[in-house]
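Student: Could we go through this one together, starting with how the chains meet?
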Amino acid sequence: MQQGALADDQATPMPRPDGAYANYALGAPYDEMFARDGTVREHYAALAERLATLPPEELYRRQQACELSFLHQGITFTVYSDAQATERIIPTDLLPRIVTAAEWARIERGLKQRIGALNLFLRDVYGDARVLRDGIVPRSMIYGSRHYRREMRELSVPHGAYVNVCGSDLVRNEAGDFVVLEDNLRVPSGVSYMLANRDVVRRAFPAVFRRMGVRAIEHYPRELLTTLRSLAPFHEDVSIAVLTPGVFNSAYFEHAFLARQMGVELVEGRDLLVNDNVVYTRTTSGLKRIDVIYRRIDDDFIDPLIFREDSSLGVPGLFNAYRAGNVMIANALGTGIADDKALYAYVPRLIRYYLAEEPVLNNVETFLCREEKSLSHVLANLDTLVVKAVGESGGYGMLVGPHASRAERDEFAQKIRADPENYIAQPTIQLSTAPTFVDGVVEPRHVDLRPFILQGEETVIVPGALTRVALKRGSLVVNSSQGGGSKDTWVLAG
Amino acid sequence: MLSRVAESLYWMSRYVERAEHTTRLIAVKLESMIEQTHEESHASWRRVVAALSAEKHAKDAAISYDFTNILTFERANPSALLLSLRNARDNARQVREQLSTEVWEHLNRLYLRLQPITIDAIWVHHPARLFREILEDMHALEGVTNSTLSHGEGWYFLELGRHIERAQLIGRMLDAHFGATQAAAPKYFDWLVLLKFCTAFEPYCKAHTAALKPDTIAEFLLFDAEFPHSLRFSVDRVCDALTRVAPGAAPARRAAVERLAGRLKAAVDFGQIDELMGGGLAPYLAEITHQCEQIHTSLYASYIVYGAETVL
Amino acid sequence: MFYSLRHITRFRYSAPVHESVMELRMQPRSEGPQTLRSFQITTNPRAQLYAYTDYLGNAVYHFNVLRAHEELRIEAQAVVEMAAIPVLPETVDALEWSRYNPYNLSDIHFDLLEPSKFARLSRPLAEFMAQRGIEKPAGDALSALKALNRTIYDAFDYQIGVTEVHSPIEQALAARRGVCQDFAHIMIAVARAWGIPARYVSGYLNSRRRAGARERSGEDATHAWIEAYLPSLGWLGFDPTNDILAGDRHIRAAVGRDYADVPPTRGTFKGLAESELAISVAVEPTQAPVRHEEFLRIARPMKPRTPSDLALDRLHHQQQQQQQQQQ
């Protein structure tokens, strides 16, 4: 989520009888808890009731307890600002974000449809490439992309599932509809926070949690294990490993967490070797064969024999073992071609093309500068749009039109004209807000929603998600590296 | 267990043992200074330096301040306390998931506590106190290691690291006191300090009364079966741990390292102090150190860096 | 006519290394006028060889050596039969340019129009093209390619050691010197800029040194040239190093977007050591071979198609049917 920060100047404070919400300003964005008229939405009623009885000091105490618990468990990510690498927690907000059963049903249907179409697309671009011949997606977008892995051409993957673990970012627009902002199809992360948040927030509100009928998510590691197992060509004694870049990776905690929760080995590239097309780990008792690898390393680094020669994270010969079918890798290689910012714009067309269905979840309207009509529209409306470079992430190479100066916009227009294929543009969306406990009071903060989809033999979505929250007032940036926090997400049973 | 994990646990433990030993030596040395003349104190420091293999870095050290600084903070000195602790922590970090929260937090806190301190900050007022406190923390670390970790294969790799390191440290300590290399012969007070260096004063007195006889001290530190800082105790722990690690390894791979450990055990079990005291101690200690190194090498060759082709 | 071919590669290491992993692309292709009659690889230390065919149709062998070694020697021997190359017309008609369209080109051609790691348009290349007046092709496609072949031949001296195996073309462009690999990359980049699909060929040349000959490539080495696609003639080989069309002395081993796709050897090892690579290549005309061998050992047979493949087939089938009903 890189929308840049927008101030809610148009927001009008609503007078509230309750002291806790005195500063709760409702504005243009959709609010998860309060309807436009200031009444509490029905599915938040039980929580609101409970909160009304809790003095702010008690809330503060519970918030502190929850943060301490994270620190002690070591649920941290590492920030490399200078030579000193410091470990920080991602702040967890105590107040859960609640999703109704009906909303969830639609999200689940939409995401299953989406991942289905994306997997068919990947099967196609690494196979017959009909989607290119039929002119649905321009060829240069595929052949010119650095994420296109020609090594994957004509290889088949189990169950046709290239993307086994997907984390899609959804946001709720002003009208209250969920739209997809981004698909993460390579090595999506954050699921450990989903589980850890549940652990602490349930303890903070045990009674409300029980009364509201919140659906369980604790079985995620088991579902992930089942998904990974289903990739093996046989079904007994499947040996699985989580492949991590190592302890210095910012998501190391998650890798270790998932390995432990699944009861499988956590390995680094240097623990593995390939002999006669078979992958082994080196243990004190000898070599142990590995059948399925859940890798949290980028394609480029996974096998120095085939991809980046200078990779020391990978395993030489791994890809050939994979090609020979002696080891399965999740996610498959080359999935990055389908979560490219430019390809994103084509996903609704892909859903229609492969499934002959209308998309259940819409995209954010996206203008591809490579298309001439869009280009002129983008250049004429730079002051209202967010422009993103296709190949970049983490907020680099981006223009937030409403916040940029005239000179900045002119400069960016030059860049777009020079290389239109490299840019897309989207209108700025006001993400929905949810009540968040900040400095002793409850205030609205912008949130997104990242559910996790598993696909092996079956497609499974655990009814929960990581809700990321922009802790700075008015900010739309929910990334943890830029002051974002997270919330537990309660999906109601019905 | 992954070989890499075993390796990190092994080294973490070796460095913890080395750090504890260094801390203890410095603490005891600083506390005993008031009862020594300058010359005595200097000779005693030299023995500490020799016991910690820091001769090269402490060549020019003249006063206690220098010695303490070099043995604790000097970055060029690979056996400096701070470096041992950092290495222990770095290894622990690599296998954070294999450790209990208590062990990790204890070690992490210990390092973070010492890391910002400078020699000048501690020197102004009762420098021994810091080392005493760190020593207490190290004992607590050993306690949580034993009480919060499952005593499975990983724990036995910790045992191997601790006792292979300890056996070598005892050897060097005895060499520094009984060897021919020292400047001045130890006096009565130095024997007492030696026992304190090894936390052996009280156990020794219980076994042999307070009559401090060099031969008896050497025998106690080498061959006592029950005292945890004796050579024999460590060798027994090593032999025991070796039967517990790598449960699935082929007998041929186990045999190599277990044979070496058996040989070391025999050398210790059948060692006779009266045979050693007539000039035989130095070669005996050298042989023990050599055998420890061989066990280390063989441990690596069998379980950590073995040629993959040898196990297929 | 028949060629017998011997290609020896030797890696020497300054200290023992272990866990070597290696991929080889040195089996002559069997297509067009070229037929592979026998092929054999031996390695020392000995290793189990595995093989697959990559998406470009190249035969790739790979193996690993676990135990410590200080030398790794790979010897490939092949016998290739070369039929007469059909005589080409001097020119193609002017309409050839208009045949570069989706009806005549397939995905493999479109892929070979995109810039690749070593063959990409850069400012120094654009300057070179401007200087030589080759920003736009002159005349019909075939004549333009032949002229480009000669332009590169004339503009560069053949000299070993100016560039390395991983050098970008800018290095050769700046020095106006280089080897076959550089010339091939430059020619590919220009051809693609003109809209002609072009690919890199790695192989062997039976060189024929005669007094006054224009041939420059070294005798005992692997060779590289290019192939450009002409819709009416198919893939045609050009050898800018020697200013000739690829003919019956050019033995093709592998094709790719550029060198990065087709190095004869690519490998990794573990151990702290420097490595030294030595290569020896001999290509000689020979008598007809006596026997024909099975070349590729399959590591794993083709897998049956998965149900989802079938679903995709069915889906497309149904979509096509619907389109027909609408018409």
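Tutor: Gladly, and keep in mind that this is a predicted model. Between chain A and chain B there are 14 residue pairs in polar contact, with both residues at pLDDT 80 or more.

Student: Which elements of chain A give two or more residues to the side that touches chain B?
Tutor: They are helix H2 (56-73), helix H9 (252-262), strand S9 (265-267), S10, S11 and S12 of chain A, and the largest share of that side, 4 residues, comes from S11(A).

Student: How many residues does each chain put into that contact, and how much area is buried?
Tutor: Chain A contributes 25 residues and chain B contributes 27 residues, and the area buried between the two is about 2,100 Å², with carbon and sulfur atoms giving 45% of it. On the side of chain A, Arg282(A), Thr284(A) and Ser285(A) supply 32% of the area buried against chain B, more than any other three residues.

Student: And how many salt bridges are there between chain A and chain B?
Tutor: The count is 3 salt bridges. One of the salt bridges in the model pairs Arg4(B) with Asp271(A), whose closest N and O atoms are 2.6 Å apart.

Student: Back to those strands, then: in what order do S10, S11 and S12 of chain A sit in their sheet?
Tutor: The 3 strands form an open sheet in the order S10-S11-S12 (chain A), with antiparallel pairing. Strand S10 (272-275) and strand S12 (286-289) of chain A are at the edges with a single partner strand each, so one side of each has no neighbour in the sheet. From one strand to the next, the twist averages 40 degrees.

Student: How many bridges join S10(A) to S11?
Tutor: There are 4 bridges between S10(A) and strand S11 (residues 278-283) of chain A, and the two run antiparallel. As an example of the pairing, Asn275(A) has Val278(A) in S11(A) as its bridge partner.

Student: Now the other partner, what does the contact between chain A and chain C look like in numbers?
Tutor: That contact takes 38 residues from chain A and 34 residues from chain C, and together the two chains bury about 3,300 Å², 50% of it on carbon and sulfur atoms. In chain A, the residues that lose the most area to chain C are Arg130(A), Arg150(A) and Leu305(A), which together make up 18% of what that side buries.

Student: What about charged and polar pairs there, how many of each?
Tutor: Between chain A and chain C the count is 5 salt bridges, and 12 residue pairs are in polar contact across the interface, both residues being at pLDDT 80 or more. The elements giving two or more residues to the chain A side are helix H3 (101-125), helix H4 (130-133), helix H5 (139-143), S10, helix H10 (318-323) and helix H12 (347-355) of chain A. The largest share of this side, 4 residues, comes from S10(A).

Student: Which side chains of chain A does Asp111(C) meet in salt bridges?
Tutor: Asp111(C) meets Arg150(A) at 2.6 Å, N to O, and it also meets Arg153(A) at 3.4 Å, N to O. The pair with Arg150(A) runs from helix H1 (residues 107-111) of chain C to the loop between H5 and strand S6 (165-172) of chain A.

Student: Are those two, Asp111(C) and Arg150(A), buried or exposed?
Tutor: Asp111(C) counts as buried because its relative accessibility is 2%, and Arg150(A) counts as buried because its value is 6%, the cut-off for buried being under 20%.

Definitions and conventions:
Residues are numbered from 1 along each chain as its sequence is written. Chains are lettered from A and ligands numbered from 1 in the order in which they are written. This is a predicted model: local features need pLDDT of at least 70, side-chain atom pairs count only at pLDDT 80 or more; totals for chains, interfaces and linings use all residues. Side-chain values use heavy atoms; hydrogens and water are left out. Two strands pair if DSSP finds at least two bridges between them. Axes are lines fitted to C-alpha atoms, for helices over the stretch in contact, and angles run from 0 to 180 degrees between N-to-C directions. Contact means heavy atoms within 4.5 Å. Buried area is the accessible area (1.4 Å probe) that two parts lose on being put together, summed over both. A salt bridge is a side-chain nitrogen of Lys or Arg within 4 Å of a carboxyl oxygen of Asp or Glu. A polar contact is a pair of N or O atoms within 3.5 Å; within protein, one must be able to donate a hydrogen and the other to accept it, and residues adjacent in sequence count only if both atoms are side-chain atoms. Buried means under 20% relative accessible area, exposed over 50%, partly exposed in between (1.4 Å probe, protein chains only).
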